[in-house]
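User: Can you walk me through the chain contacts here? Keep it short, please.
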Amino acid sequence: MALHTETPSRASGPQPEQAQDRRGALIQTEALASLLAAIVGERGVLARPSELSAYSSDGLPGYRLRPRLAVFPHTTQQLVDVVRLLARKQCPFVARGAGTGLSAGALARGDAVVVGLNRLNRIISIDPLNRLAVVEPGAVNVTLSRAAGAYGLHYAPDPSSQTACTIGGNVAENSGGPHCLKYGVTLNHVVALKVILPSGEITTLGNADGEAEGYDLLGAFVGSEGCFGIALEVTVRLTPNPQGVRTLLADFTSIDAGARATSAIIAAGILPAALEMMDGPTIRAVEASIYAAGYPADASAVLLIELDGMDEGLDADVQRVEAHCLAAGARTVRIAANEEERTRLWQGRKKAFGAMGRIAPDLVVQDAVIPRTRLPDVLREIAAIAELRQIQVCNVFHAGDGNLHPNIGYDSRNPDESRRVGLAMRDIMQACIDAGGTITGEHGVGLDKLEYMPKIFSPESLAAQCALRDAFDPERRANPGKVVPVHSCREWVGA
Amino acid sequence: MSEPVAVPACAIPGTPLANATAGIMACVHCGFCLQACPTYLALGDENDSPRGRIFLMRSLAEGDLALDDPSVHTHIDRCLGCRACETACPSGVPYGALLEATRATLAQVVKPPLRARLILALFARRGLMRAVVAAARALRATGIPRLLARLPGDLGFAFAMLASSASPLSRARYRSRGTGARGSVSLLRGCVMEGLFAAANRATERTLVANDYTMVPAPNQHCCGALHAHAGDLEGARTLARRNIAAFEAAGAELVVTNAAGCGALLKEYGHLLADDDAWSARAAAFSARARDVSELLAAAGPRVGAPISYRVTYDAPCHLQHAQRVHAEPLVVLDAIPGLERVALVDSDQCCGSAGIYNLLEPALSAAVLAPKIAHIEVTGATLVVTGNPGCLMQIGAALCRAGVPARTVHPVELLDASYAAAARSGR
Amino acid sequence: MGGRVSTVRVQERVREHVARGAPVRIVGRGGWLDGGRPVDDFEPLSLADDRAIVEYVAGDLTLTARAGTTLSDIAAATGAEGQWLALDPFGSRNGTLGATIATGSAGPLAHAFGTPRDTVLGLEVVTGGGEIVRAGGRVVKNVAGFDLTRLFTGAWGTLAVITEATVRLRARPERDETVALLVPADGALGDWLARLRILPFTPLALEMVNSPLSATLGLEPAALLLARLGGNDDAVRAQRQLLGALGDMRDVPASVWSTLATAEPNGASVARVSAPPSRLHAIWPVLSRIDAGSLAHATVGRGVVRSICAPSDDGNGQRWLAAIGTCEGTHIFERLPARAWRTIPCRVDDPISRAVRTAFDPARILNRGILGEVA
């Protein structure tokens, strides 16, 4: 820690481990609850264990951590006051939006307070001329697109949870979504952030003028999984609705053929708005749900491909995509005839994760990204792993980006099955890493992927990440224990 | 720092909730239900969301929480039971059934509030109920409720509800004719519908006849039991269900029709309600298979187009039609058969109005919070008639419009179709 | 040469400088050394020889190259596969990948493809503390860990020496054509730009050039809009039609873009003023006519005007600075005479930036002073 003891804030502050031990003693939980209630009102604080259990999970099954308290500011000023109180009391905290994340990232261990941002959900302004919107962190993703729709605009990043997830959560996770293939992820759409640092200081990162100077602290903050502070206001770019949209559904009798079609389309230089793949088990889960989309139930894989842009030229691209699919062995390629059919095809894809709930009581999901030419190999390898471990893998993913989402349904009451699922998850992750991939493309590291971080980053690289965190949060009170394994941070010696 | 979730054996064996754990396990807590839930939107606490309530149910089942835990009761009581979450749920969690099972389980420990019990007792007693609604009708006829509708508080709202139950349309007088070829139908008259919305019941009969159904009376019918089931009084609901099954079997019609979405939802679930009753399960399932909302029958028939009547209207979907029965398009098909209507889309028309059976009487503040955006959206449409097919919604929305001074009234879609047919009869078409 | 060996060599150099407390100036091919603030008493750390494409799988549309690889090296390799790195910073094509990323430089193609921040997928660097750090990865989507890639991109080498980078490539469009339109008079400019912004397609580039710059480019001496159109036959035909409705349109050779990249005279001062695009019509008239000969061009969709002041002794530099000062927006100076820099505020003196600098370059040896920071 030679590096940090030189800076005043670290020199006087306790080391993290000591702090953790001491924090509990700094203030009694009941006393903290009443101080918080003085800011947000009685109904803005949850303290009973029974009521905190709703905040002990996010969208990822398999993890439960009960927070110390949960507090819900109603106004930006209340949020500022809450963060400053927590700073004075040296209390760790975890910001939470809608709790739809899939990395156990919004979970708070017992000494941390959940700061719920869902009530800060206003769309502050929309500037249609410059295609910008300013929103509070708890604004729901799809609500912004609906509001922007009045001007022929939308907010492009569209995670599958977009009907529920918040923009603040999207910023924390640098969320993607099917249409990020063409339009880019959250990072590419956030132009400015007004944030409160864990110390209670307020600062603005980036600006709405088109470009900013200095270090790209905005870029560093986006995707920092709540470890750098809390966004008070988010300024995002809005995207014009495309003039024309063509949605294709290609079905295949083997996963391999679908993967080959994907690689061929990307390699041919066609940039679809989205290129999604679902395998047979996923198709059948979706078709059994209320979001049945009319996917052929006997297919081994379907590709959902969307092309958009100006009407002219679109059909030529459609024909090329169709030809690539057929050449790779597609049985049929059908084009959605109208908006209703298009919506139905997309609903099936977007609700696929939830639909897995029908297959088994518990569910794990991964988020690895691999080079797109490796899709056929890696999907074959995943199938072999499933076979070896005797488990059922459902693949539903952003094929165009090479972003895999193998879902494994199981029953945690069965210890042997749980063990096999655990082994398979590690095997699959290793296969993706070996293919030159990364461990997470859009869900974030959170708690769930901590163990894999040392597999893709050297100790020095992990320590450098910790050093970046420390520039924002030297006390490491914001979402403690996430993203970078704690021991890595101790190894950073800098100079 | 995190433990895998292990599921212990059920801590409350033999309770209705214990039998529903499979439904609880279907929830993968993806959170897609949050924005569909009116109480979550109003309160901003996940404990008042479907996902949070399922956590509470799971905690009860696993023994982490006691059945008398006050926060469990608070959040379960606050649920409207609108079941919008079921429409949003990709995992197919049977939330409505889970809620009823939970309420029934909790009711074993803590009795529902006195106000609720009195209301349920009233609905279960046919004669008494008739007397009460007759009195209410008489009061309504005096015009006093409309004058007192602006009184502050619950009392004023109650008067407004009563006032708004009067039909906004002039009474239709025409003779309805049809071939009867579409089959025989018996109408579940419904306690509130027959008591306060008799005009809609008559309109239902006339429009069905005009669309070639044969009406068959079903005497000895009772309250459907929906309010009892929602409140956790499953036994009370089952008693009423058995009586109704017997009554409609005796009537002998091919189909059972209702124009009250809340009643219809339960009629279609009698099979589920009596599934464990060996003597009745088959009869109940057969009954449910024959139950229809009036809009389904009319839509199946075409329906016959009437004469133009000119109103600016907007449609609000009752939760128990939209989410519980999944009947979406049919009421709009009914409106399509009425020339001259100016139709305006209502933002969030699939969101609950906060009526939810007797919820508005038990949780008035939260009910009002859920209702407020609905009224704001209606005002934007500029409609003079808000069309919806459930008595609770008709009165809840009607009362709020009346108190807010919005120049719009509520009306059942079938009454509008009936008015169109009456106009056709007058013009000799 | 290249790869691990040269990274370790950079590491050794940095560590040696840390030990001596002697600052270094990171140098690619030396083409842009007059960019940024003057860096005093430095020894050069050259990466020019570390020039190799490490991995290029065309089907992945990603490329990994050593920092000293030139943009023209990359263009040659990717062009053979019908692909390109869609970054066209101002200056010679012999500029290096490392320098482009370190300075966050972009050109007209930023209109459609963004800046290096949107294109860089992963970096290998040697920090000012002498550690070899890898950030990001080689895949197109990656949220693993805190985003050092964005931090090092555009940091002007003050945090780390970039030794290797992985970038996203794009497929070259089937057709790539450039047309020019006459820019209307000031009074009509606002409406005209608004109509441009709502075109239902995104041109590859949409750059307004003022009349002296047009002349420099060998075009008619009038304010022109250069539009680079890409797509398949049908798409480009339709794009031409839509653009043609906005004014008198003519074809322009594609070479206009490389001429534009190197249009500014040696020793010129260069600044960018950026503002929300809806205000471009207010800024453009000021910056496009500061002097009879001052050059200016603007990336229409991003609202960025780049203004070039030729070197002279008649005090035009003062007039130029004053004119820029009257424009509301973010002012970024690329090149200035040494003495003029003193008046320009430093953008990295906020507490977080200072903490970042201290964490990654504790001895303050990398490109010291280039961002105006106080040592």
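Predicted model: local features only at pLDDT ≥ 70, side-chain atom pairs only at ≥ 80, totals over all residues.

User: How many residues does the contact take from chain C and from chain A?
Analyst: Chain C gives 66 residues and chain A gives 71 residues.

User: On the chain C side, which elements give two or more residues?
Analyst: On the side that touches chain A, they are α5 (116–119), β7 (132–136), α6 (148–152), α9 (233–244), β17 (330–335) and α13 (351–360) of chain C.

User: And which one has the largest share?
Analyst: That is α13(C), with 7 residues on the side of chain C that touches chain A.

User: How do the residues on that side divide?
Analyst: The side of chain C that touches chain A has 33 nonpolar, 20 polar and 13 charged residues.

User: Which chains have the most contacts between them?
Analyst: Chains A and C, among the 2 pairs of chains that touch.

User: How far apart are the nearest C-alpha atoms of chain B and chain C?
Analyst: They are 19 Å apart, and the two chains do not touch.

User: New topic. What does the domain assignment give for chain A?
Analyst: Domain 1 covers 123–240, domain 2 covers 242–358 and domain 3 covers 360–456.

User: What separates the centres of domain 1 and domain 2 of chain A?
Analyst: 28 Å, with the centres taken over C-alpha atoms. Their contact takes 5 residues from domain 1 of chain A and 9 residues from domain 2 of chain A.

User: How do the domain 1 residues divide there?
Analyst: The side of domain 1 of chain A that touches domain 2 of chain A has 2 nonpolar, 2 polar and 1 charged.

Notes:
Residues numbered from 1 in each chain as written. Chains lettered and ligands numbered in written order. Contact = placed C-beta atoms within 7 Å. Helix = DSSP H or I, 4+ residues; strand = E, 2+ residues; numbered from the N terminus. Nonpolar A, V, L, I, M, F, W, Y, C, P; charged D, E, K, R; others polar. Domains from an automatic or database assignment.
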